[in-house]
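Colleague: I am new to this structure. Could you walk me through how to read it?

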Amino acid sequence: MENIYKNIIEALIFSSDEPLTNAEIIKAIKGIDGEDAEITAEDISSAIDLLNQEFESSGRAVKIIKIAGGYLFATREEFAKYIGYLSSEKTKRRLSQAALETLAIIAYKQPITKPELESIRGVNSDYILATLLDKKLITISGRAETIGRPLLYTTTEEFLKYFGLNSLSDLPKPREIEEIMQDEDFIEQKNKIMMNAVEETLENETENEENPDETE
Amino acid sequence: MYKIRLEHFEGPLDLLLFFIKRDEINIYDIPISKITKEFLEYVNYIRMLDLETAGEFILMASTLMHIKVRMLLPREIDEKGEEIDPRADLVRALLEYKRYKEVSEELSFLESNQRKISFRGNFSADPIEHPNEYGILLKNITVYDIAKAFRKVIEGIKPEPVHQIRKINITIEEQINFIIGKIEEYTNLHFLTLVHGMKEKIRVVITFIAILELVKMQRIGLRESSNFNDFVIYKLDNGKHL
């Protein structure tokens with residue numbers, strides 16, 4: 001059946017800079033066409049599938065994606081370099097390993113305090129937290145009811161947008177500890193992670209100094 | 001000396017994981033002695049570069065040494081009667097850290113995918129570096145107006161008033177003796193004559209208090225003067241007019 005609200009939905013999403021939710025789309029349609037307008041979240045979802053099919057078959061440069069709990073128009077990947085040439089926003093530096101690590105912990109453990117975060121990372125995280133707050137990828141959601149009432153950190157909608165996630169449940173699942181242990185990769189990963197030259201130097205050093213009796 | 005780029009390690013746990021991977025160590029059976037030795041070598045190296053970061057590594061080094069010592073002692077027993085491995089806490093921390101480190105690699109992958117697409121309003125996020133609409137920034141104002149206003153403000157700044165406090169050593173007793181000396185000489189003395197030439201207010205005030213004191217002691221009397229705003233001091237002898 002032809003989705004009668006398809007074009008309206010397209011127009012609504014096109015006009016929005018922020019992810020447009022089902023609720024907002026339904027509100028707009030019912031607000032104009034009356035409360036008895038028959039529009040559900042499934043109708044919206046199928047209208048968007050239809051639109052994306054049309055965009056694809058007619059070779060358009062855009063598509064509608066589901067992100068941070070709503071819909072947004074997005075450019076296709078293959079045009080990234082042209083857009084990046086004009087826009088400095090996307091050419092900014094990527095997040096550091098420390099920042100990604102910190103975000104991963106906050107994302108799964110939220111709301112989390114700084115001491116909890118630091119005990120997992122084993123390093124002071126003041127600077128990283130300030131950077132992530134500045135980038136609006138995390139926010140302060142309140143204070144814990146423990147001694148000293150430390151601040152609690154949570155991820156933001158901007159975090160979902162930055163990683164192209166619709167909701168926190170779309171986050172990659174951390175492996176269980178048992179799983180990590182059984183994984184052969186855990187041992188083999190080293191080649192991927194360290195540069196060979198560095199490793200050779202290290203191995204030479206340790207071989208020279210190693211005292212086999214010392215291992216327990 | 002190790003030629004390791006520091007940014008490879010996000011902290012002591014990261015470094016330990018590296019050693020474990022490199023040497024294909026069973027994480028549940030870490031050779032503490034060997035690891036501690038290597039760890040300390042690395043700490044000595046980074047201590048020269050960055051003391052603040054080194055602090056965290058030194059903390060871990062001391063934890064490792066603590067575990068090493070406990071490994072040599074008879075094992076503690078938990079409530080179930082099982083031996084407690086001194087390395088257990090470290091292993092738990094390492095595995096916990098490893099979980100999130102893995103996720104951060106996946107996040108990095110998502111990040112690079114996501115950087116390839118742009119949303120509407122993308123350009124509005126760019127900072128405007130060169131505002132060229134001077135009409136908005138400078139409305140009907142010239143550089144001379146600004147200079148004039150600036151000069152007015154600068155010249156209008158008054159030097160901050162400085163008050164110097166000088167301590168004047170003067171007592172009522174001194175002034176009593178002073179007045180008595182004068183009265184012996186003149187018998188009748190105008191107040192204004194008495195205080196004439198006194199530069200400091202406090203000296204006049206103290207002199208006045210001395211007069212009141214002398215009146216109370218019945219050493220002097222006061223009477224009205226023919227001049228306005230003045231009075232005459234005269235000598236009394238035990239309350240009797242001479």
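Modeller: Start with one residue. A:Ala23 is exposed, because 11 other C-beta atoms lie within 10 Å. The rule is a count: a residue is buried if 20 or more other C-beta atoms lie within 10 Å of its own, exposed if 12 or fewer, and partly exposed in between, with C-beta atoms placed from the backbone. A:Ala23 sits in helix α2 (residues 22-33) of chain A. Its C-alpha atom and that of A:Thr40, 17 residues apart along the chain, are separated by 9.2 Å.

Colleague: What should I know about the model and its numbering?

Modeller: This is a predicted model: local features need pLDDT of at least 70, side-chain atom pairs count only at pLDDT 80 or more, and totals for chains, interfaces and linings use all residues. Residues are numbered from 1 along each chain as its sequence is written, while chains are lettered from A and ligands numbered from 1 in the order in which they are written.

Colleague: Which helices and strands does each chain have?

Modeller: Both kinds are DSSP runs, numbered from the N terminus: helices are H or I with at least four residues, strands are E with at least two. Chain A has 12 helices and 5 strands. Chain B has 9 helices and 4 strands. From the N terminus, the elements of chain B run α-α-α-α-α-α-α-β-α-α-β-β-β.

Colleague: Is A:Glu78 buried or exposed?

Modeller: Apply the count again. A:Glu78 is exposed, because it has 9 other C-beta atoms within 10 Å. It lies in the loop between β2 (70-75) and α4 (80-86) of chain A.

Colleague: And A:Val123, buried or exposed?

Modeller: A:Val123 is buried, since 23 other C-beta atoms lie within 10 Å. It also belongs to a loop, the one between α6 (114-121) and α7 (126-134) of chain A.

Colleague: What does A:Val123 touch?

Modeller: Two residues are in contact if their C-beta atoms, placed from the backbone, lie within 7 Å. Leaving out residues up to four places away in sequence, A:Val123 touches A:Glu118, B:Glu10, B:Gly11 and B:Glu56.

Colleague: How much of each chain is buried?

Modeller: In chain A, 23% of the 216 residues count as buried. In chain B, buried residues make up 21% of the 242.

Colleague: How do I read a nonpolar core?

Modeller: In soluble globular proteins, nonpolar side chains tend to be buried together. A nonpolar core is a set of buried Ala, Val, Leu, Ile, Met, Phe, Trp, Tyr and Cys residues joined through C-beta atoms within 7 Å. The largest one here has 62 residues, and A:Leu103, A:Ala104 and A:Ile106 have the most contacts inside it. Helix α5 (residues 97-109) of chain A gives the largest share of this core, 7 residues. A second, separate core of 9 residues includes B:Ile176, B:Ile206, B:Ala210 and B:Leu214.

Colleague: Which residues does A:Ala104 contact, apart from its neighbours within four places in sequence?

Modeller: They are B:Tyr100, B:Val103, B:Ser104 and B:Leu107.

Colleague: How do I read a helix pair?

Modeller: Look at the axes, which are lines fitted to C-alpha atoms, for helices over the stretch in contact; angles run from 0 to 180 degrees between N-to-C directions. Take helix α7 (residues 172-186) of chain B and α9(B): their axes come within 8 Å and cross at roughly 70°. That makes α7(B) roughly perpendicular to α9(B). Angles under 35 degrees count as roughly parallel, over 145 as roughly antiparallel, 65 to 115 as roughly perpendicular and the rest as oblique. On the α7(B) side, the contact is made by B:Ile172, B:Gln175, B:Ile176 and B:Ile179. On the α9(B) side, the residues include B:Ile206, B:Ala210 and B:Leu214.

Colleague: At what angle do helices α1 and α2 of chain B pack?

Modeller: Helix α1 (residues 12-22) of chain B and helix α2 (residues 32-47) of chain B pack at about 130°, with axes 11 Å apart. That makes α1(B) oblique to α2(B). In this pair, B:Leu15, B:Leu16 and B:Phe19 of α1(B) meet B:Ile35, B:Glu38, B:Phe39 and B:Tyr42 of α2(B).

Colleague: How do I read the confidence?

Modeller: pLDDT is the predictor's confidence in each residue, from 0 to 100. Chain B has a mean of 81, and 86% of its residues reach 70 or more. Among its elements, helix α5 (residues 134-137) has the lowest mean pLDDT (62), and helix α9 (residues 201-216) the highest (89). Over residues 1-5 of chain B, pLDDT stays under 50. For the complex, the predictor gives an ipTM of 0.70 and a pTM of 0.59.
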